[in-house]
Amino acid sequence: MKFDMKKQILYMLCATALLSSCHIYKSYDRPEDITTSSLYRDPVADNDTLVSDTANFGNLPWREVFTDPQLQSLIEAGLKQNTDLLSAAQNVKAAEASLMSARLAYAPSLGLSPQGTISSFDKNAATKTYSLPVRVVFMKNISITIEAVTSPIDSHFF
């Protein structure tokens with residue numbers, strides 16, 4: 001009987017290791033033939049209006065535009081204490097946590113809760129009871145994958 005129990009435990013461990021190695025998400029590979037040169041205003045392009053615009057402050061960092069040290073310190077303090085900017089950063093963190101939670105919902109889970117009791121009535125021999133429930137849950141992702149291309153935000157605002 002002990003040999004059968006060990007064999008069953010070994011089979012369950014092998015099945016769990018085999019099934020937990022499944023990958024749900026594949027990594028995103030960006031296609032090579034995407035051209036992004038004409039999507040936005042390109043200051044290098046010949047047909048763009050930025051080439052003829054000599055007073056374009058939009059592409060300059062604010063530290064180069066405002067050179068007064070006192071004004072720079074006030075702008076830095078304003079950016080650090082900007083509640084809208086801080087709120088947006090917290091919203092991004094909350095969205096990332098929500099995304100991580102949604103991704104982890106598809107990960108396999110294994111639940112193990114062993115229990116044991118020893119009971120004796122009227123000074124008789126003790127009765128030992130053991131319980132070892134094992135729960136394994138696998139989810140299959142049958143949803144449509146939506147791929148988004150994100151671009152980094154220019155860091156010269158901060």
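Strands (E, at least two residues) and helices (H or I, at least four) are DSSP runs, numbered from the N terminus. The model is predicted, so that local features need pLDDT of at least 70 and side-chain atom pairs count only at pLDDT 80 or more, while totals for chains, interfaces and linings use all residues. Residues are numbered from 1 along each chain as its sequence is written, and side-chain values use heavy atoms, with hydrogens and water left out.

Leu-112 lies in strand E1. This residue counts as exposed because its relative accessibility is 57% (exposed, over 50%; buried, under 20%; partly exposed, in between; 1.4 Å probe, protein chains only). Leu-112 belongs to a nonpolar surface patch that also includes Met-12, Leu-18, Leu-19, Leu-110, Leu-132, Val-134, Val-136 and Phe-138, with about 850 Å² of accessible area together. Two or more residues of the patch come from each of helix H1 (2-20), strand E1 (109-112) and strand E4 (134-137). The most is given by H1, with three residues. Patch residues have over 30% relative accessible area and no salt bridge; nonpolar side chains (Val, Leu, Ile, Met, Phe, Trp, Tyr) are joined within 5 Å, like charges within 9 Å. Accessible areas come from the Shrake-Rupley method with a 1.4 Å probe, and for residues only the protein chains shown count as cover.

One salt bridge is present (a side-chain nitrogen of Lys or Arg within 4 Å of a carboxyl oxygen of Asp or Glu). It joins the side chains of Arg-63 and Glu-76 at 2.4 Å, N to O. Distant parts of the chain are linked by this pair, with Arg-63 in helix H2 (residues 62-65) and Glu-76 in helix H3 (residues 69-80), 13 residues apart. Arg-63 is partly exposed, at 38% relative accessible area, and Glu-76 counts as partly exposed at 29% relative accessibility.
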